[in-house]
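Here are my notes on this one, as numbered points. Have the model open while you read.

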Amino acid sequence: MAIIDFQNVEVRQQDMFVLGDVTFQVQEGDFVYVVGKVGSGKSSLLKTIYGELEVICSTPDSHAFVLGTDMCGMKQKKLPRLRRQMGIIFQDFQLLTDRNVLDNLSFVLKATGWNDQKLINQKILQVLDLVGMESKGYKFPHELSGGEQQRICIARALLNDPKLILADEPTANLDPETGVQIMEILRKVNDGGTTVVMITHNPRWPGEFPGRVFRCEDKQLTDTGAQ
């Protein structure tokens, strides 16, 4: 089953043409890398998947579906339901600095409709255990290393048991050893059945953690196959 199915679409950032004639299919359970130089359109492509940028279906045979949702001309009111089915990991963490780890994660669950505090606590402990951060719940973001903050971001992305994880350069600001640890967690998540689409400029990862590789270059997206 295709989790993402883009056929002959365009990606634009405001009025600027970013990528054209994009065909991008991701199957359930895939681990996919999107690579390319800075400014080649990687992050813009990712933004179309979670609805931050509109995907443009400019020809009769164009279409764009994410988790069964038609992204062409999608109304904003449909976005929350779509995003509840996915987890997003940013390279700059985007944790709430005025609250501890437990409160950061609780905030997300309550914002997505969780009301039972006992179930909220159980879910938070479950995802913290998965990323090896079960003892860090009372820490504030500034008390954590970059790698620890990224582990919390992965935990946050997993809270609603997403079918799809989108990771934008999740190891970019980390030392090599910590980067490997983050990749191992993402691979573990993928082995559990969750589809992962990851942007990276690190040529090491596809070799060490094999997956399908797409390259953004010259305003085109090319499927280079499995590594």
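1. Is Gln-94 buried, partly exposed or exposed? Its relative accessibility is 45%, so Gln-94 counts as partly exposed; the scale is buried under 20% relative accessible area, exposed over 50%, and partly exposed in between, with a 1.4 Å probe and protein chains only. Gln-94 sits in the loop that links β7 (86-89) to α3 (101-111). Helices (H or I, at least four residues) and strands (E, at least two) are DSSP runs, numbered from the N terminus. The C-alpha atom of Gln-94 is 9.7 Å from that of Gln-150, 56 residues apart along the chain.

2. A word on the ground rules. This is a predicted model, where local features need pLDDT of at least 70, side-chain atom pairs count only at pLDDT 80 or more, and totals for chains, interfaces and linings use all residues. Numbering starts from 1 along each chain as its sequence is written, and side-chain values use heavy atoms, leaving out hydrogens and water.

3. Now the cores. A nonpolar core here is a set of buried Ala, Val, Leu, Ile, Met, Phe, Trp, Tyr and Cys residues joined through side-chain atoms within 4.5 Å. In the largest one, with 37 residues, Tyr-33 and Met-198 touch the most other members. The elements supplying at least two residues each include β3 (31-36), α4 (117-130) and β9 (195-199), while α6 gives the largest share, six residues. Beyond neighbours within four places in sequence, the contacts (heavy atoms within 4.5 Å) of Met-198 include Phe-31, Tyr-33, Met-183 and Trp-205. Another core, of 34 residues, lies apart from it, with Ile-49 and Cys-216 among its members.

4. Next, α5 against α6. Their axes (lines fitted to C-alpha atoms, for helices over the stretch in contact, with angles from 0 to 180 degrees between N-to-C directions) come within 10 Å and cross at roughly 10 degrees. The two helices are therefore roughly parallel; angles under 35 degrees count as roughly parallel, over 145 as roughly antiparallel, 65 to 115 as roughly perpendicular and the rest as oblique. Gln-150 turns up again here, one of the α5 residues that meet α6. By class, the contact has four nonpolar, four polar and one charged residue.

5. Last, α3 and α4. The axes come within 10 Å and cross at roughly 120 degrees, which makes α3 oblique to α4. Among the residues in contact are Leu-102 and Leu-105 of α3, and Ile-120 and Ile-124 of α4. This contact has eight nonpolar, two polar and two charged residues.

How values were computed:
Ala, Val, Leu, Ile, Met, Phe, Trp, Tyr, Cys and Pro count as nonpolar, Asp, Glu, Lys and Arg as charged, and the others, Gly among them, as polar.
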